[in-house]
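Trainee: Could we go through this model together? I'd like to understand the terms behind the descriptions.
Mentor: Happy to; here it is.

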Amino acid sequence: LSTMNTQFAKLNKQGIDAAERGNMHEAEIFFRSAMQLNSNSYEATFNLIKLLHMNSRYHDAILTFYQIDNNILRSLPLHIVNILSDSAVKDQDMFTACECCELLLNAFPEHVETACRFSNILIKTGQLAKSRLVLNQSNLIKGGDPNLLTQLAITESELGNYSRSEEIHLE
């Protein structure tokens with residue numbers, strides 16, 4: 001086990017070094033090798049997804065997301081899930097974008113930016129009632145946040161509830 005951890009750390013470090021030198025292909029190989037060696041650790045997965053996103057390989061970042069072991073999915077740092085949801089939106093994969101935002105919001109319910117991003121995606125996919133639900137739940141936690149209230153007013157307007165939208169703006 002110790003040898004495997006040492007090898008994993010070495011491969012991950014080699015990937016970081018290759019990326020810093022600008023050798024993205026080599027970095028990707030090191031990160032994927034580290035992931036194969038230890039699928040229960042998110043470090044190499046995080047580094048690979050970040051590398052793919054930085055190189056506008058959004059679909060590959062999403063495919064990597066789907067390869068993540070369920071045991072480590074909830075332990076991913078906020079930053080990586082933000083990158084994944086951004087990759088999904090840029091790749092026009094709204095299902096994955098919703099999945100990423102929902103994961104984020106469940107892990108960090110007080111994170112207003114995530115609630116608003118999730119709401120925008122839900123609106124784009126015609127899930128207006130769910131958008132309202134997400135925002136109302138977030139408003140219970142972070143009541144009165146101006147960004148949250150603006151997004152809620154937009155959602156109410158999209159639902160045709162113009163008077164409710166106006167009430168929210170006046171809050």
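Trainee: At what angle do helix 4 and helix 7 pack, and how far apart are their axes?
Mentor: Helix 4 and helix 7 pack at about 55 degrees, and their axes lie 12 Å apart. Axes are lines fitted to C-alpha atoms, for helices over the stretch in contact, and the angle runs from 0 to 180 degrees between N-to-C directions. Before we go on, a word on the source: this is a predicted model, in which local features need pLDDT of at least 70, side-chain atom pairs count only at pLDDT 80 or more, and totals for chains, interfaces and linings use all residues. Residues are numbered from 1 along each chain as its sequence is written, and side-chain values use heavy atoms, with hydrogens and water left out.

Trainee: What makes helix 4 oblique to helix 7?
Mentor: Set the angle against the classes: under 35 degrees is roughly parallel, over 145 roughly antiparallel, 65 to 115 roughly perpendicular, and the rest oblique. The angle is about 55 degrees, so helix 4 counts as oblique to helix 7.

Trainee: Which residues of helix 4 and helix 7 make the contact?
Mentor: I62, F65 and Y66 of helix 4 meet F95, T96, E99 and C100 of helix 7, contact meaning heavy atoms within 4.5 Å. By class, this contact has 5 nonpolar, 1 polar and 1 charged residues. Here Ala, Val, Leu, Ile, Met, Phe, Trp, Tyr, Cys and Pro count as nonpolar, Asp, Glu, Lys and Arg as charged, and the others, Gly among them, as polar.

Trainee: Why are helix 1 and helix 3 called roughly parallel?
Mentor: Helix 1 and helix 3 pack at about 20 degrees, with axes 10 Å apart, and that angle makes the pair roughly parallel. In this pair, F8, N12, I16 and A19 of helix 1 meet E43, A44, N47 and L51 of helix 3. The contact of helix 1 with helix 3 has 5 nonpolar, 2 polar and 1 charged residues.

Trainee: How many helices and strands does the chain have?
Mentor: There are 11 helices and 0 strands. Helices (H or I, at least four residues) and strands (E, at least two) are DSSP runs, numbered from the N terminus.

Trainee: Why is L135 called buried?
Mentor: Buried means under 20% relative accessible area, exposed over 50%, and partly exposed in between (1.4 Å probe, protein chains only). L135 has 0% relative accessibility, so L135 counts as buried. Across the chain, buried residues make up 43% of the 171 residues.

Trainee: Where is L135 found, and what does it contact?
Mentor: L135 is in helix 9 (residues 128-141). Leaving aside neighbours within four places in sequence, L135 contacts A115, S119, L148, Q151, L152 and T155. The C-alpha atoms of L135 and T155 are separated by 8.9 Å, with the two residues 20 apart along the chain.

Trainee: Which residues touch the most other members of the largest nonpolar core?
Mentor: That core has 25 residues, and L48, I49, I80, V81 and L84 touch the most other members. Helix 3 gives the largest share, 6 residues. A nonpolar core is a set of buried Ala, Val, Leu, Ile, Met, Phe, Trp, Tyr and Cys residues joined through side-chain atoms within 4.5 Å. Not counting residues up to four places away in sequence, V81 touches L76, C100, L103 and L104. Another core of 20 residues lies apart from the largest one, including C101, A115, L135 and I168.
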